[in-house]
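Here is a short briefing on one protein chain. Please look over the sequence and the model first.

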Amino acid sequence: MSETSLRSFSPLRPEARPIGWRGAAVLIGAALLAASSFAEVPMVPVPMTMQTFAVFVIGALYGWRLGGLTILVWLAAGAAGLPVLADGTSGIDRFTGATGGYLIAFPIAGALTGLLAERGWNGERPVHALAAMILAHAICLALGAAWLSTKIGLDRAIEHGVLPFIAGGLVKSALAVAVLMLLARRSAGDRSAGRR
């Protein structure tokens with residue numbers, strides 16, 4: 001078997017880690033997701049939060065199983081009343097209200113980025129990684145708008161729940177790929193140093 005086929009899809013190598021490490025990774029990832037809910041970047045017409053950036057990077061670094069589980073733990077904490085969702089909100093009403101579709105889309109989109117990363121759409125193949133991130137954002141916007149349309153109608157859901165977030169989604173996709181590339185290069189450098 002070649003060295004390339006033996007290489008982990010992620011510099012974190014979650015598939016080779018013990019169960020305790022994975023449990024800690026879930027908790028750390030959920031905490032990072034909570035922190036990302038408070039991070040906002042001013043943009044026009046709406047500010048950009050870093051939630052989807054964190055969701056997709058965790059998916060790509062953890063893989064679809066561990067990444068999906070981490071996102072579900074974060075959402076469960078929010079549903080249980082911990083202030084871990086956007087702007088420190090929480091509660092079941094966040095899942096039944098206007099933002100419910102986006103929240104439900106997060107574990108699906110995060111798991112998708114993990115699944116694609118496991119198949120090589122990761123930091124070692126940036127064009128593929130970017131395609132994975134854009135696809136995941138499209139899923140979030142589609143599911144979010146579909147749910148929102150039941151509240152305000154399809155045209156308004158697209159106007160208010162899709163169009164304002166396209167530019168931010170592209171920026172976050174590119175940023176996520178840059179992070180994955182940086183980590184992949186560092187991991188490759190560590191492997192090269194280890195062979196000397």
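This is a predicted model: local features need pLDDT of at least 70, side-chain atom pairs count only at pLDDT 80 or more; totals for chains, interfaces and linings use all residues.

Residues are numbered from 1 along each chain as its sequence is written, and side-chain values use heavy atoms, with hydrogens and water left out.

**Overall fold**

- The chain has 9 helices and 2 strands (DSSP runs numbered from the N terminus: helices are H or I with at least four residues, strands are E with at least two).
- From the N terminus, the order of elements is α-α-β-β-α-α-α-α-α-α-α.
- Of the 196 residues, 42% count as buried (buried is under 20% relative accessible area, exposed is over 50%, partly exposed is in between, with a 1.4 Å probe and protein chains only).
- Among contacts with a separation of 6 or more, 68% join residues 24 or more positions apart (contact means heavy atoms within 4.5 Å).
- The accessible surface of the chain is about 10100 Å², and carbon and sulfur atoms hold 69% of that surface (Shrake-Rupley method, 1.4 Å probe; for residues, only the protein chains shown count as cover).

**Aromatic pair**

- Rings of Phe, Tyr and Trp (its six-membered ring) pair if their centres lie within 6.5 Å; planes under 30 degrees apart are stacked, over 60 edge-to-face, and the rest tilted.
- The count by this rule is 1 aromatic pair.
- Trp-74 and Phe-106 form this stacked pair, with 5.8 Å centre to centre and 25° between the planes.
- Trp-74 sits in helix α4 (residues 64-79) and Phe-106 in helix α6 (residues 100-118), so the pair ties together parts 32 residues apart in sequence.
- Both Trp-74 and Phe-106 are buried.

**Largest cavity**

- On a 1 Å grid over the protein atoms alone, a cavity is a set of points where a 1.4 Å probe fits but cannot get out; a pocket is an open set with protein on both sides within 12 Å along at least five of seven lines; lining residues have an atom within 4 Å of a point.
- Grid points are joined across faces, edges and corners, and a volume is the space filled by probe spheres set on the points.
- The whole structure holds 1 cavity of 30 Å³ or more.
- The largest cavity contains about 110 Å³ of space.
- Its lining has 13 residues, with Phe-9, Ser-10, Pro-11, Asn-122 and Ala-184 nearest the centre.
- Elements α3 (51-62) and α9 (166-195) each give two or more residues to this lining, and α9 gives the most, with 4 residues.
- The lining of the largest cavity divides into 6 nonpolar, 5 polar and 2 charged residues (Ala, Val, Leu, Ile, Met, Phe, Trp, Tyr, Cys and Pro are nonpolar; Asp, Glu, Lys and Arg are charged; the others, Gly among them, are polar).

**Second largest pocket**

- The second largest pocket has a volume of about 250 Å³.
- Leu-32, Val-57, Ile-58, Leu-61 and Tyr-62 are closest to its centre, out of 15 lining residues.
- Elements α2 (19-36) and α3 each give two or more residues to the lining of this pocket.
- The lining of the second largest pocket has 14 nonpolar residues, 1 polar and no charged.

- Arg-13 has a positive phi, near 50°.
- Arg-13 is in the loop between α1 (3-6) and α2, and is partly exposed at 41% relative accessible area.
- Asp-87 also has a positive phi, near 60°.
- Asp-87 is in the loop between α4 and α5 (93-96), and is exposed at 55% relative accessible area.
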